[in-house]
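Dear colleague,

Please find below the structure that I am handing over to you. My notes on what was found in it follow directly after it.

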Amino acid sequence: MSFPKNLLEGYRNFTSQRLPTEQTRYRELSERGQSPAVMVIGCCDSRVSPEVIFDAGPGELFVVRNVANLVPVYQPDGGAHGVSAALEYAVNVLRIQHVVVLGHAQCGGIRAFIDDIEPLSPGDFIGRWMAMFVKPGEVVEQRDQESRQDFTIRIEKAAIHRSLENLMTFPFVRTLVERGGLHLHGAYFGVAEGSLFLLDQEAKEFRSVGNQAAE
């Protein structure tokens with residue numbers, strides 16, 4: 001099997017177009033190491049690339065992606081915890097200042113979860129991963145007078161809330177947040193329109209960014 005041709009073409013475009021303008025930056029990153037101020041916890045979905053959405057250059061974002069942009073609760077046991085390890089490195093080593101949980105519309109993991117369809121089953125990886133989204137005894141179901149689309153969007157956004165809640169179970173995160181040295185954010189991306197909504201944590205509502213200027 002040959003290496004994907006589109007990736008080779010992309011690399012050639014990178015070396016001929018983008019690399020020449022950013023060569024100095026890459027050399028500095030190579031020599032000095034990375035020092036991003038922002039960590040993004042996003043979904044694996046190929047349509048939702050944090051670097052593209054936020055127009056970020058090399059070294060600007062520390063990104064970890066998984067199915068449905070979930071953060072597990074703090075659980076220092078003998079298991080392998082990829083998200084927790086990345087979070088620990090970002091906070092304790094890189095000293096990042098912001099953690100952004102980036103959810104999105106049409107999330108396959110969320111849709112499989114609420115529809116209880118294949119490949120979601122109790123014994124597979126996806127099923128067990130998505131199970132941590134729900135607390136023991138918690139019931140996730142469609143409300144009366146709620147359309148399937150509205151239900152799906154509500155749960156996609158609820159996953160962001162749950163991940164932010166779970167972030168605060170990590171002692172090293174909670175301590176810095178309470179001291180004002182670390183800030184947690186929620187964001188929701190609309191794939192079709194390219195729209196972005198930021199979580200107002202006091203109002204517990206997502207508000208459109210639109211074309212407003214950054215503060």
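N69 counts as buried, because its relative accessibility is 2%; buried means under 20% relative accessible area, exposed over 50%, and partly exposed in between, with a 1.4 Å probe and protein chains only. N69 is placed in the loop between strand 2 and helix 3. Leaving aside residues up to four places away in sequence, N69 touches I41, G42, C43, V101, L102, G103, H104, A159, I160 and S163, where contact means heavy atoms within 4.5 Å.

Please note that this is a predicted model, in which local features need pLDDT of at least 70 and side-chain atom pairs count only at pLDDT 80 or more, while totals for chains, interfaces and linings use all residues. Residues are numbered from 1 along each chain as its sequence is written, and side-chain values use heavy atoms, with hydrogens and water left out.

The chain as a whole

The protein chain has 7 helices and 6 strands. Helices (H or I, at least four residues) and strands (E, at least two) are DSSP runs, numbered from the N terminus. Along the sequence their pattern is α-β-α-β-α-β-α-α-α-α-β-β-β. The radius of gyration of the protein chain is 19 Å, close to the 17 Å that the globule rule gives for 215 residues, so the chain is as compact as a globular protein of that length. That radius is taken over C-alpha atoms, and the globule rule is 2.2 Å times the number of residues to the power 0.38. The C-alpha trace spans about 55 × 45 × 45 Å along its principal axes. Of the 215 residues in the protein chain, 37% are buried. Among contacts between residues at least 6 apart in sequence, 65% join residues at least 24 apart.

The sheet

Strands of a sheet pair through backbone hydrogen bonds, either parallel or antiparallel. Here, an open sheet of 6 strands has the order 2-1-3-4-5-6, with mixed pairing; two strands pair if DSSP finds at least two bridges between them. Strand 2 and strand 6 (205-208) stand at the edges with a single partner strand each, so one side of each is left without a neighbour in the sheet. The twist averages 30° from one strand to the next.

Strand 1 (residues 38-43) has 5 of its 6 residues buried, so it is largely enclosed by the rest of the structure. Strand 1 runs parallel to strand 2 (residues 61-66), to which 6 bridges join it, and G42 has R65 of strand 2 as its bridge partner. Strand 1 is also parallel to strand 3 (residues 98-104), with 4 bridges between them; there, V38 has H98 as its bridge partner. By contrast, strand 5 (residues 195-200) and strand 6 run antiparallel and are joined by 4 bridges, with L199 standing opposite F206 in strand 6. K204 lies in the loop between strand 5 and strand 6. K204 has a positive phi of about 60° although it is not a glycine, and it counts as exposed at 63% relative accessibility.

The helices

Helix 6 (residues 148-167) lies across strand 1, strand 3, strand 4 (183-190), strand 5 and strand 6, and runs at about 165° to strand 4. Axes are lines fitted to C-alpha atoms, for helices over the stretch in contact, and angles run from 0 to 180 degrees between N-to-C directions. Q145 is found in the loop between helix 5 and helix 6. Q145 is not a glycine, yet it has a positive phi of about 65°, and it is exposed, with a relative accessible area of 84%.

In helix 4 (residues 108-115), the buried residues are G109, I110, A112, F113 and I114, and these pack against helix 5 (125-131) and helix 6. The axes of helix 4 and helix 6 are 10 Å apart, at an angle of about 115°. At this contact, I110, R111, I114 and D115 in helix 4 meet R148, F151, T152, I155, E156 and A159 in helix 6.

Helix 3 (residues 82-92) and helix 7 (residues 171-179) pack at an angle of about 40°, again with axes 10 Å apart. Helix 3 contributes L87, E88, V91 and N92 to the contact, and helix 7 contributes F172, V173 and L176.

Yours sincerely
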